[in-house]
Amino acid sequence: MSLIAEPRWRSLIVETTTPLFTPEQCQLIINAGRSEPREDGQVGGGAKGVVDTKTRTSHISWIPFNKMPEMYQTIERVLKQTNGNHFGFDGIQLTEPAQYTEYPEGGFYDWHIDSDVNCANEPPVRKISMTCLLSHESEFEGGGLELMSEGKIARPKQGQAIFFASFIRHRVVPITKGIRKSLVLWAGGPPFK
């Protein structure tokens, strides 16, 4: 009988050790996000998405691929390197525009996953989620990214990103002061084998 084991290098949550973006680049991304149409964050995604303030309170906009090509090139380079070093998922590519998100005081996003349990609903399948903190961490309180279970909170510095498997349960805990600004992005590919 053979045992199936994950490779020792596999990791499903990866925080960058150095920032993806400088404070000046973060401000350019904030400006780009704020220049796009703003909407209330929805739950459920796609045409089925609804505003549900018991689950999520945030404001979002979408940054088109052609608006900030250097930003997308940086993310794609780090994403592919991170996938190769940690995830090992097939066919990873950027498939959706980046979401600029602001969580105001009291804003939050309760426990959820970023991929659908029925992969037929989302080709290409979301495999890797990324969140990059754009605000300086002194500009808000609360708002930690909690991954998998209560108490496992990631607190990146400005410009740092966290990449994680899109099927991992996560949430943004309530903001108690200030505004948390972030960039969220998903990479997809063919269904898991």
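Predicted model: local features only at pLDDT ≥ 70, side-chain atom pairs only at ≥ 80, totals over all residues.

User: Why is His170 called buried?

Analyst: Buried means under 20% relative accessible area, exposed means over 50%, and partly exposed lies in between (1.4 Å probe, protein chains only). His170 has 5% relative accessibility and therefore counts as buried. His170 is placed in strand β13, strands being DSSP runs of E with at least two residues and helices runs of H or I with at least four, numbered from the N terminus. The C-alpha atoms of His170 and Gly143 are separated by 12 Å, the two residues being 27 apart along the chain.

User: What makes Met148 partly exposed?

Analyst: Its relative accessibility is 43%, so Met148 counts as partly exposed. Met148 sits in the loop between β10 (145–147) and β11.

User: What is the phi of Met148?

Analyst: The phi of Met148 is near 75°, a positive value in a residue other than glycine. Most residues other than glycine have a negative phi.

User: How do you know that strands β7 and β13 pair?

Analyst: Two strands pair if DSSP finds at least two bridges between them. Strand β7 (residues 108–112) and strand β13 (residues 170–172) have two bridges, in the antiparallel sense. Tyr109 has Val172 in β13 as its bridge partner. Both strands belong to an open sheet of five strands, in the order β3-β7-β13-β10-β11, with antiparallel pairing.

User: What makes β3 and β11 edge strands?

Analyst: Strands β3 (56–57) and β11 (153–154) each pair on one side only.

User: How does the span of helix α1 compare with the expected one?

Analyst: The expected span is 1.5 Å times one less than the number of residues. Helix α1 (residues 23–35) has 13 residues and reaches 18 Å from its first C-alpha to its last, close to the 18 Å expected. Its buried residues include Cys26, Ile29, Ile30, Ala32 and Gly33. These residues lie on the same side of α1 because they cover an arc of only 165° around the axis, the arc being that of the directions from the helix axis to the C-beta atoms. Exposed Glu24 and Leu28 are carried on the face of α1 turned away from its buried side.

User: Why is one space called a cavity and another a pocket?

Analyst: On a 1 Å grid over the protein atoms alone, a cavity is a set of points where a 1.4 Å probe fits but cannot get out, while a pocket is an open set with protein on both sides within 12 Å along at least five of seven lines; lining residues have an atom within 4 Å of a point. Grid points are joined across faces, edges and corners, and a volume is the space filled by probe spheres set on the points. By this rule there is one cavity of 30 Å³ or more. The largest cavity holds about 30 Å³, and its lining includes Thr131, Leu145 and Arg180. The second largest pocket holds about 190 Å³. Its lining has 14 residues, among them Thr16 and Val78, and α2 gives the largest share, seven residues.

Technical notes. Residues numbered from 1 in each chain as written. Heavy atoms only, no water.
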